[in-house]
Amino acid sequence: MTALDLSSAERKPPIDWAGYVFVAFFTIPFLAFNVAPLIFGAGLAFTKWGIFGKPQWIGLQNFSDMLHDEWVGIAFKNTALYAVIIVPGVLVFGLACALYVHQRWPLAGLARTLFFSPNVVSGTVIGLVWTWLLDTQYGLVNHYLGLIGISAIPWLTSAQWALFGVSIASVWWDLGLAFVLFLAALQDLPKELYEAADVDGASRWQRLRLVILPQLRPVISMVATLQMISSLRIFTQVYVMTDGGPAGATTSVVFYMYQAGIQRQFFGYASAVAMSLFALILVMTFVMRRFVRER
Amino acid sequence: MSKTRKMSRRQFAKLAGKSALVATAAATFPAPFVKGAEPITLTHWSWLSASDAEVWGKMIDAFNAANTDIQLKLELVPDDQYDTKLLAAAAAGQAPDFGWGTAGQRAQWAKDGVIIPLDDLATKVGLDLSDFSAQPMQKARYPKYDNKLFMIPMDLMSLQPEVNLDHVKEAGLDPEKFPTDGDGLLEWAKAMTKRDGDKVTRSGIMMTGSGVQPTVTWGIVARQMGFLRASDDLKTACVNPDAGKAAMQWILDLFDKLKVSTRDVTNRYKAFGTGQGSIFWTGPWTLNGYVQQKLNFRTYLFPKIGQELHTYFEMGGMELYVQSDTSRYEASMKAVKWLSDNGFLWTTQGRGASPRLSTLARPDYKTSGHDWSVRGAFVDGMAFATEGEIPVLAGPDFTIYAGDNFLAKTLETVWAGQKSIDTAMSEIQAKWQSDLDAG
């Protein structure tokens with residue numbers, strides 16, 4: 001081997017710049033529109049800033065103010081209630097719909113489309129449609145309830161009912177994704193398990209409880225985690241259907257952030273609330289993964 | 001003999017650099033406004049979105065048709081995004097030239113220099129400030145900021161009751177004898193309310209369970225009963241809190257005791273337009289829409305529910321935003337002057353009463369635009385329209401025409417039965433006092 005050959009062999013392989021270019025299409029927007037705002041927002045939480053002028057460093061003042069702001073407490077409580085209603089709602093109805101289609105009951109083909117269709121409609125449209133459906137005086141829901149003797153329920157105009165009304169629309173909207181995931185998981189279950197259950201004389205309920213649900217645990221965990229994160233970030237339905245009212249009964253954390261930041265220009269304070277929500281989501285995700293999936 | 005001159009790479013780079021510099025400078029520093037030069041295009045932002053927006057569009061079109069040296073580009077920005085977008089644009093040096101504002105809500109902007117003082121500019125372009133009535137000129141200034149003028153008033157608005165005449169007839173009431181006091185008002189409301197069992201299906205007095213309507217009603221009734229949000233010297237909050245509490249009780253009684261209103265209405269404008277309510281106090285911005293849909297209604301003067309007659313006051317006007325190119329201010333002020341001088345259409349068909357004495361004095365002022373039976377109360381009622389903004393930094397927290405500020409959110413808890421009247425008043429008093437102390 002000559003000296004020239006040796007030196008070229010020791011040289012590092014040339015960099016394939018084309019690879020970096022392909023990666024850049026994702027990386028640059030991700031850094032610019034996800035990572036940078038996250039870092040900026042985290043920094044902003046320690047400042048007082050109203051867009052015009054420079055942010056003023058105030059340390060932990062925003063977090064301290066949050067502790068004394070009763071509306072923050074209300075927003076977090078409401079958000080937790082959304083999660084408590086929506087997550088089980090989506091799990092139960094998503095699974096029920098998936099079982100219906102999987103069992104090939106009547107009109108299963110049509111039902112497959114119908115169950116998924118709300119998921120492809122925008123949240124704003126869902127909110128508007130449900131605002132009309134749940135109208136106290138002229139809504140279809142109260143109309144049909146009236147036919148069976150139930151008096152009109154103030155779904156969106158009473159502080160007692162409004163959060164539940166918004167949750168109904170949210171469950172309907174989010175159902176589609178859970179349905180698809182459950183259906184895919186059901187179709188992947190080995191047929192032998194069903195046959196073995198039949199041989200052992202298991203009833204339908206026993207088959208569901210002792211065979212199907214344990215097998216679906218990983219999917220249930222995933223749907224629950226995704227749905228919980230989605231519920232903690234609820235905004236569009238609240239904005240469209242109730243504007244956070246009445247009396248703050250439907251104000252979620254993200255909606256409160258919107259009010260503090262976009263409507264009142266307290267961007268530092270809104271960022272502090274956002275960081276708190278971020279921490280909450282992080283903890284909840286960890287807890288759910290730990291206690292639901294890995295058990 | 002032809003002589004070919006060759007250019008070195010260094011020379012080429014220098015030339016290219018200079019060309020780029022000139023091009024950049026030309027784009028960055030547009031030519032100042034000079035009469036006789038190319039027409040200057042001014043950007044005008046508006047948040048008008050009710051039926052009055054159509055009339056404002058006509059005003060802008062008329063301006064562009066009448067002026068060759070200045071052209072206006074109207075951009076609509078939703079009301080709830082206006083402030084944030086404007087601040088972001090101003091921070092980026094891209095603020096529109098001028099736009100709509102509500103008097104008394106901009107103390108922070110005046111302090112930060114987002115809006116500019118207009119006294120000198122008005123004089124420079126020949127806008128006759130002495131032609132404006134006294135109240136609007138006072139409301140367009142900020143006493144805490146050298147009492148400078150920060151707005152050119154365009155319209156004066158008040159809240160007055162619009163009444164569905166079909167309901168009046170159905171109830172056997174005389175439309176010529178609309179009540180002038182609280183007791184009479186409640187009698188009319190009872191007569192026009194419809195119920196299904198215990199449930200109100202048509203409100204005698206149009207109300208909502210949350211948002212603007214109960215908040216502004218409280219503001220008006222409380223003032224009539226003797227409550228002041230802030231003392232005249234802006235040092236003491238909540239003067240006569242008992243009157244404020246009595247006003248809260250008055251509203252609760254509409255829902256729960258007298259049952260002439262329901263909390264179940266979500267969109268008050270639509271509800272009144274579709275006959276779900278009989279008496280609806282609102283502003284002149286609704287006229288165009290209800291007239292166009294041929295609603296059979298009439299507007300009356302607000303009755304005296306408490307000891308003194310007051311109603312909500314709002315003044316809309318033009319404000320100029322900070323520019324890096326200060327030569328644009330004069331062009332903007334000329335445009336504003338034209339819109340003010342030609343505001344007859346706006347204050348006869350658009351909304352509100354005119355702030356210009358010369359317009360009010362025109363013999364055709366009462367006969368032009370919408371019929372006086374629906375428009376007149378909004379003009380005559382300005383005499384007792386006093387409840388406007390509190391011109392301090394935290395002014396928006398004091399606003400009574402609001403659906404999601406501190407006041408509205410606190411009062412909502414009373415309407416929903418979550419807080420007692422006493423607790424709510426204590427909270428309002430504490431917050432407002434700290435706001436006033438902050439300046």
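Is B:Leu228 buried, exposed or partly exposed? In this predicted model, B:Leu228 has 18 other C-beta atoms within 10 Å. A residue counts as buried at 20 or more such neighbours and as exposed at 12 or fewer, so B:Leu228, with its 18, is partly exposed. This residue belongs to strand E10 of chain B, which covers residues 228–230. Leaving out residues up to four places away in sequence, B:Leu228 touches B:Val239 and B:Asn240. Its C-alpha atom lies 22 Å from that of B:Gln108, a residue 120 places away along the chain.

From this single residue, the description can turn to chain A as a whole. Chain A contains 14 helices and 2 strands. Its radius of gyration is 25 Å, whereas a compact globule of 295 residues would have one near 19 Å. Along the principal axes, the C-alpha atoms of chain A fill a box of roughly 90 × 60 × 35 Å. Buried residues make up 33% of the 295 residues in chain A. Among the contacts in chain A that link residues at least 6 apart in sequence, 70% join residues at least 24 apart.

As for A:Phe182, its contacts beyond the neighbours within four places in sequence are A:Gly94, A:Leu95, A:Ala98, A:Leu216 and A:Val219.

Chain B itself is divided into domain 1 (40–157 + 315–360) and domain 2 (160–313 + 379–438). Taken over C-alpha atoms, the centres of these two domains of chain B are separated by 29 Å. Where they meet, 22 residues of domain 1 are in contact with 17 residues of domain 2. On the domain 1 side, the elements giving two or more residues are helix H2 (52–66), helix H4 (107–112) and strand E6 (152–158) of chain B. By class, that side of domain 1 has 10 nonpolar, 6 polar and 6 charged residues.

The two chains also meet, through a contact that takes 25 residues from chain B and 22 residues from chain A. On the side of chain B that touches chain A, helix H3 (79–91), strand E9 (199–205) and helix H17 (406–415) of chain B each supply at least two residues. H3(B) gives the most to this side, with 8 residues. The side of chain B that touches chain A has 7 nonpolar, 9 polar and 9 charged residues.

Within H3(B), B:Asp83, B:Leu86, B:Leu87 and B:Ala90 are buried. The buried residues of the helix pack against strand E1 (40–46) of chain B. Just after H3(B), B:Gly93 takes a positive phi of about 75°.

Technical notes: Residues numbered from 1 in each chain as written. Chains lettered and ligands numbered in written order. Predicted model: local features only at pLDDT ≥ 70, side-chain atom pairs only at ≥ 80, totals over all residues. Helix = DSSP H or I, 4+ residues; strand = E, 2+ residues; numbered from the N terminus. Rg over C-alpha atoms; globule rule 2.2 N^0.38 Å. Contact = placed C-beta atoms within 7 Å. Domains from an automatic or database assignment. Nonpolar A, V, L, I, M, F, W, Y, C, P; charged D, E, K, R; others polar.
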